[in-house]
Amino acid sequence: MAHLKYETLLNYLENRLSVEERSEVDAHLVGPCQRCHRRLILLRAVLDSVTNDRTVAPPTAVLKLAVELRQGRYPQPKFWNRVIAVLSFDSHLQLSSAATRGGTTRTRQMLFTAEQVDIDLKIKPGREDHELLGQVLDIRQSTGFLPAFVSLQNNEGQQRATETDSLGQFAFHGITSGTYDLVFDLDDQEIAITGLEFQDE
Ligand SMILES: [Zn+2]
């Protein structure tokens, strides 16, 4: 069985799967699959963060899972290696050329590199409603597109997550102003972009 999709894990946590689908997910997790287990923990944190925002009690399925995780029903994730991506291009640092072109676009473009990947980011600023578009490119392969689980967390602990599509692309909408860490969970490592600023226009 292939790794569990973001959508599947989310439905699992929110108790929206059929009995059969649910037992398939359980079987995969106790496989054991550390990658999917790690992603499940991350998603649960995302859901908890959203739940806390709304000051509403978490769904019973999430509570049940939290208890099960504490009881060690699933294998604990191994030590995880995090790599910090390095900024290699930032359109905000190219002000003179943008000014001479008289460009009307305020979209900020950035390129980050890590050991094995290039990460392309576009930030479209708004008023407390920023947009982040990106693409993860695997520089080791000619095919280039890499499946990754992407999470965005601000310093107040608000967390959101998504998954790259078949072209390695992902998007977050309606981001409030602040400083964020963007983390990519790849098969064999975790890549972080820290201190990403989203400021009002
Ligand atoms: Zn898996």
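Biologist: In which sense do β9 and β10 pair, and over how many bridges?
Modeller: Bear in mind that this is a predicted model. In it, β9 and β10 pair in the antiparallel sense, over seven bridges, and the two strands form a hairpin that has four residues between them.

Biologist: Which residue is the bridge partner of F184 in β10?
Modeller: The partner of F184 there is I191, and I191 in β10 also has V83 standing opposite.

Biologist: Then how does β1 run relative to β10, parallel or antiparallel?
Modeller: Strand β1, which covers residues 82-84, runs parallel to β10, and three bridges join the two.

Biologist: What's the overall inventory of helices and strands?
Modeller: The protein chain has five helices and 10 strands. Of its 201 residues, 42% are buried, and if you take the contacts with a separation of 6 or more, 55% of them are between residues 24 or more positions apart.

Biologist: Which residues touch the most other members of the largest nonpolar core?
Modeller: That core has 25 residues, and the ones touching the most other members are L121, L132, L182 and F184. Several strands contribute to this core, with β3, β4, β5, β6, β8, β9 and β10 each supplying at least two residues. As a general background remark, nonpolar side chains in soluble globular proteins tend to be buried together.

Biologist: And what does L182 touch, leaving out residues up to four places away in sequence?
Modeller: With those left out, L182 touches L121, L132, V150, S151, L152, F170, F172, I191, A192, I193 and L196. Apart from the core we have been discussing there lies another one, of 18 residues, which includes L4, Y6, L10 and C33.

Biologist: Changing topic, how many aromatic pairs are there?
Modeller: The structure holds four aromatic pairs. One of them is F170 with F172, whose ring centres are 6.1 Å apart and whose planes are at 65°, so this pair is edge-to-face. Both F170 and F172 are buried, and ring pairs link these two residues and F184 into a cluster.

Biologist: Why does the pair of Y180 and F198 count as edge-to-face?
Modeller: The planes of the Y180 and F198 rings are at 85°, with the centres 5.2 Å apart, so the pair is edge-to-face, given that the cut-off for that class is over 60 degrees. The pair links distant parts of the chain, since Y180 is in strand β9 and F198 is in strand β10, 18 residues apart.

Biologist: Are those two buried or exposed?
Modeller: Y180 counts as buried because its relative accessibility is 5%, and F198 counts as buried because its relative accessibility is 1%.

Biologist: What sits over the ring of Y12?
Modeller: The charged end of R22 sits over that ring, 4.3 Å from the centre.

Biologist: Where is E163, and which residues does it touch beyond four places in sequence?
Modeller: E163 is in strand β7, residues 159-163. Leaving out residues up to four places away in sequence, E163 touches K5, Y6, R39, A148, Q169 and F170. A polar atom of the E163 side chain also lies 3.4 Å from the backbone nitrogen of Y6.

Biologist: Now the backbone: which peptide bond is cis, from G31 to what?
Modeller: The bond from G31 to P32 is cis, with omega near 5°, and P32 lies in the loop between α2 and α3. For N15, phi is near 60°, a positive value in a residue other than glycine. In general, most residues other than glycine have a negative phi, and most peptide bonds are trans.

Biologist: Where is N15, and how accessible is it?
Modeller: N15 is in the loop between α1 and α2, and N15 counts as partly exposed because its relative accessibility is 46%.

Biologist: Last one: where does R127 lie, and is it buried or exposed?
Modeller: R127 lies in the loop between β4 and β5, and at 67% relative accessibility it counts as exposed. The C-alpha atoms of R127 and Q199 are separated by 8.4 Å, although these residues are 72 residues apart along the chain.

Notes:
Residues numbered from 1 in each chain as written. Predicted model: local features only at pLDDT ≥ 70, side-chain atom pairs only at ≥ 80, totals over all residues. Heavy atoms only, no water. Polar contact = N/O pair within 3.5 Å; in protein donor to acceptor, adjacent residues only side chain to side chain. Contact = heavy atoms within 4.5 Å. Phe/Tyr/Trp six-rings, centres within 6.5 Å; stacked < 30°, edge-to-face > 60°. Buried < 20%, exposed > 50% of the residue type's maximum accessible area, 1.4 Å probe, protein only. Lys NZ or Arg CZ within 6 Å of the ring centre and 35° of its normal. Core = buried A, V, L, I, M, F, W, Y, C linked by side-chain atoms within 4.5 Å. Pairing = 2+ DSSP bridges.
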